[in-house]
Amino acid sequence: METETSATVAVVRAVAEAEDASPGDLPLLSDVIDPEAFDDLFDDDRVGRSGVSLSFDYCGYVVTVTDDAVTLDAR
């Protein structure tokens with residue numbers, strides 16, 4: 001995941017690309033997760049956060065986010 005991009009933005013961009021849609025056409029990510037807490041979890045300035053991984057359902061995908069990647073698996 002790009003360090004200058006927040007985790008929420010990275011997820012929305014990845015799903016929009018997979019769906020060939022505009023990010024604004026997707027359902028709100030905040031309906032699925034707390035965006036502030038999510039971004040805080042993957043904040044590069046936090047000590048001891050390496051190895052963090054989080055998975056959740058969004059737009060028909062199981063989204064898995066790590067400190068360096070967003071992976072989408074169709075449900």
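Let's start at Thr8, which sits in helix α1, the stretch covering residues 7-19. Keep in mind that this is a predicted model. Is Thr8 buried or exposed? Its relative accessibility is 13%, so Thr8 counts as buried, since buried means under 20%.

What does Thr8 touch, once its neighbours within four places in sequence are set aside? The contacts are Leu29, Pro35, Phe38 and Asp39. Let's pick out Phe38 from that list and follow it onward.

Phe38 takes us to the aromatic rings. The structure holds two aromatic pairs. A pair of aromatic rings is described by how far apart the centres are and by the angle of the planes. One of the pairs joins Phe38 to Phe42: the centres are 5.5 Å apart, the planes make an angle of 75 degrees, and the arrangement is edge-to-face. Both Phe38 and Phe42 are buried.

Phe38 also pairs with Phe56. Here the distance is 5.6 Å centre to centre, with 90 degrees between the planes, and this pair is edge-to-face too. Which parts of the structure does the pair tie together? Phe38 belongs to helix α2 (residues 35-41) and Phe56 to strand β1 (residues 53-58), so the pair links parts that are 18 residues apart in sequence.

Terms used
Residues numbered from 1 in each chain as written. Predicted model: local features only at pLDDT ≥ 70, side-chain atom pairs only at ≥ 80, totals over all residues. Heavy atoms only, no water. Helix = DSSP H or I, 4+ residues; strand = E, 2+ residues; numbered from the N terminus. Buried < 20%, exposed > 50% of the residue type's maximum accessible area, 1.4 Å probe, protein only. Contact = heavy atoms within 4.5 Å. Phe/Tyr/Trp six-rings, centres within 6.5 Å; stacked < 30°, edge-to-face > 60°.
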